[in-house]
Amino acid sequence: MSINNHNTHILPKFEYYSPKNIEEACKILSELPEDSKILAGGTDLIPKMKEGVLKPKNIINIKQIQGLSGIQEKDNCIIIGANTKIRDIEKNLIIQKKADILHQATKKIGSVQIRNIATIGGNICNASPAADGVAALIALNAEISIIGVKKKKTIKLEAFFKGPGKTILNKEEILTEIKFPVPEPGSYGYYCKLGRVSLDLATVSLAVQLKMVDEKVENIIIVSGSVAPTPLRLYNIENLCINKKITNDLIDEVAEKISREIKPISDTRASADYRYLAIKGLAKEAFSQILEKSRGTR
Amino acid sequence: MKVELIINGKKCIFDLEPNILLLNLLRDKMDLTGSKYGCGIGECGACTVLLDGEAVLACMILAVDVDGHNVDTIEGLAEGDKLHPIQEAYLEEDAIQCGFCTPGFIMSTTALLKENKDPSEAEIRNYLQGNICRCTGYVNIIKAVQNAAKRMNKK
Ligand SMILES: Cc1cc2nc3c(=O)[nH]c(=O)nc-3n(C[C@H](O)[C@H](O)[C@H](O)COP(=O)(O)OP(=O)(O)OC[C@H]3O[C@@H](n4cnc5c(N)ncnc54)[C@H](O)[C@@H]3O)c2cc1C
Ligand code: FES
Ligand code: FES
C-alpha cells in the first residue's frame, strides 16, 4: 500500500504559508530567505520540485488571496488577475470576442487538466521563452502590475524577462494583474506553435497581432517563442509590414527575412537549424490566416 | 495542518504535512487506489480526479491546497453495485485493456460530458489529450465516450 512512499515522486519537506491578503504575502516573502517560492497552480513548480531542480525551504501559496483572479473590461482595457486559471481565460467570452489571439494561445497550453490548475501569473513568472500565454499577451501590448512591501509598479510585459526562468521580480514582489488595451476595430491576431505532441511546450511559436486601415497595416506586434532566451519581439519584421497591404509578395518577403531576426539554440526539443526553417512556415501560416480573416469580415 | 475535504461526497478530516500530494492522500491514507500514479509530472492523466467538478491532476496538487473543496474519484461513480453509465460504456466498447489509464480516462470523460452532452469525435480527442493510453489505440475509447453520451442523454 505504501509503495508511493518509496517513489522518487515524493515532494521533499518545506514550510507552508497561505496568506489571506497581499500585504501579508509580501511581508512573509520579505522576511523569509531567498530559497522561498510562490505557489500558484504549481504546474511548473511541483514538477521542478519532484525532479529536484528546485528545493525551496518555504512555499507561499497565493491562491487564498482575495481579488487576484478574474477577467474584467474597464476603460477600454481588459484586466486579468494573476491567479486567473488558464481554462477560465480560454472560456471567457470577452477574451473570445475581443482578444482572440489570447484565446487561441490559451487553448494550446497543456491539457484540460493542466489548464484547470495553471494560472496566467504562473505562465508569466515561470519565465519560459516557450510560454504560450506570454507571447500572445506581449502581442496584445500588455503591461503587468507588481506589488512589493511598500510599492506598486507597472511595466511592459516584454521588459519583465531577463532570461530563461529569470525575471526582474525581487523576492518580496508579487505579480498581481495583467492589463492590455482592447484591440481596435480592424484588428486581427493569430497564434501558432509547433510541438511534437499536443501537450508539448512550443519548439517554435509565433504571435502576430495587427490593425488594418484601408487594407494597410497600421500597427503590428510580432512575438516569437522558444527562439531566444526570452520571448522575442521581431521589430524589423514589424517595420517591414507597416503601411503595406498584406499580399502574397509581402508574406513571402516576411518568410524570407524572419529567420535572420531570431537567435535560437539547439536543445532537447529541436535544433537551431530546425527553428530557423520552421519559423518561416509559421510566418506564412500566421499572415495567410490573418489575410483570410480580414477578407471574411470585410 | 488540519485539512477538511469532501471526498466522494463524504466529509473527511486529516492532519497533514504540507508536502503530501492529493494523490498520496487518496491512495495511501484513504486506500482509494483507483487513481493511478503514472508519470507524476502532469503528462499522462492517470491521476485525473474531479476538483469541484473540474478534471485536475492529483499528482501535482498539494492536499493542503484543496482544504474545504470537493474531490471526486473513480470510486465514487458507481452507486453500490450499479456501475455509472460511463463505466458501462467503457466495458461494452472494450475500451479497457490493462486498465491502468482507465480511471483517469473515465474521470476526464465525466468532466467532458458534463460540459458537452454530445461531443463530436474531434471534440472528444481534443478534450482527452491529457490522458495517455498505451494499449487500446484510442479508437474504442472514443466509441465508449460516444456510447456513454447516448446512455446519459436517454435518461
Ligand atoms: C504536462 C504539462 C504541459 C504543459 N504545457 C504547456 C504549454 O503547452 N504551454 C505553456 O505555456 N506552458 C505549459 N506548461 C507549463 C505550465 O503549465 C504553465 O506555465 C502554467 O501557466 C504555470 O502556471 P502555474 O499557476 O501552474 O504556475 P506555478 O508552478 O504555480 O508557478 C510558476 C512560477 O511562477 C512563480 N509565480 C506564480 N505566480 C506568481 C505571481 N503571481 N507572482 C510572482 N511569482 C509567481 C512561482 O513561484 C513559480 O516560480 C505545461 C506544464 C505541464 C506540467
Ligand atoms: S501521474 Fe499525474 S499526470 Fe501522470
Ligand atoms: S488500457 Fe492499458 S494504458 Fe490504457
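This is a predicted model: local features need pLDDT of at least 70, side-chain atom pairs count only at pLDDT 80 or more; totals for chains, interfaces and linings use all residues.
Where the domains meet, domain 1 of chain B contributes 17 residues that are in contact with 14 residues of domain 2.

The size of an interface is often expressed as the accessible area that is lost when the parts come together. For domain 1 and domain 2 of chain B, the buried area is about 1200 Å², and carbon and sulfur atoms give 64% of that area. Zero salt bridges are found across this interface. Polar contacts are present, however: four residue pairs, with both residues at pLDDT 80 or more, are in polar contact across the domain interface. On the side of domain 1 that touches domain 2, the elements giving two or more residues are strand 3 (48-51) and strand 4 (54-57) of chain B. Strand 3 of chain B provides the largest share of that side, namely three residues. By class, the residues of this side of domain 1 comprise seven nonpolar, six polar and four charged.

Attention now turns to the interface between the chains. Here 34 residues of chain B are in contact with 31 residues of chain A. The area buried between chain B and chain A is about 2800 Å², of which 56% comes from carbon and sulfur atoms. Within chain B, the residues that lose the most area to chain A are N19(B), D28(B) and M60(B), and together they account for 22% of what that side buries.

Three salt bridges are counted between chain B and chain A. In a salt bridge between K63(A) and D65(B), the side chains meet at 2.6 Å, N to O. Helix 1 (22-29), strand 4 and helix 3 (102-115) of chain B each supply at least two residues of the side that touches chain A. The largest share of this side, four residues, belongs to strand 4 of chain B. The side of chain B that touches chain A divides by class into 15 nonpolar, eleven polar and eight charged residues.

Technical notes. Residues are numbered from 1 along each chain as its sequence is written. Chains are lettered from A and ligands numbered from 1 in the order in which they are written. Side-chain values use heavy atoms; hydrogens and water are left out. Contact means heavy atoms within 4.5 Å. Buried area is the accessible area (1.4 Å probe) that two parts lose on being put together, summed over both. A salt bridge is a side-chain nitrogen of Lys or Arg within 4 Å of a carboxyl oxygen of Asp or Glu. A polar contact is a pair of N or O atoms within 3.5 Å; within protein, one must be able to donate a hydrogen and the other to accept it, and residues adjacent in sequence count only if both atoms are side-chain atoms. Ala, Val, Leu, Ile, Met, Phe, Trp, Tyr, Cys and Pro count as nonpolar, Asp, Glu, Lys and Arg as charged, and the others, Gly among them, as polar.
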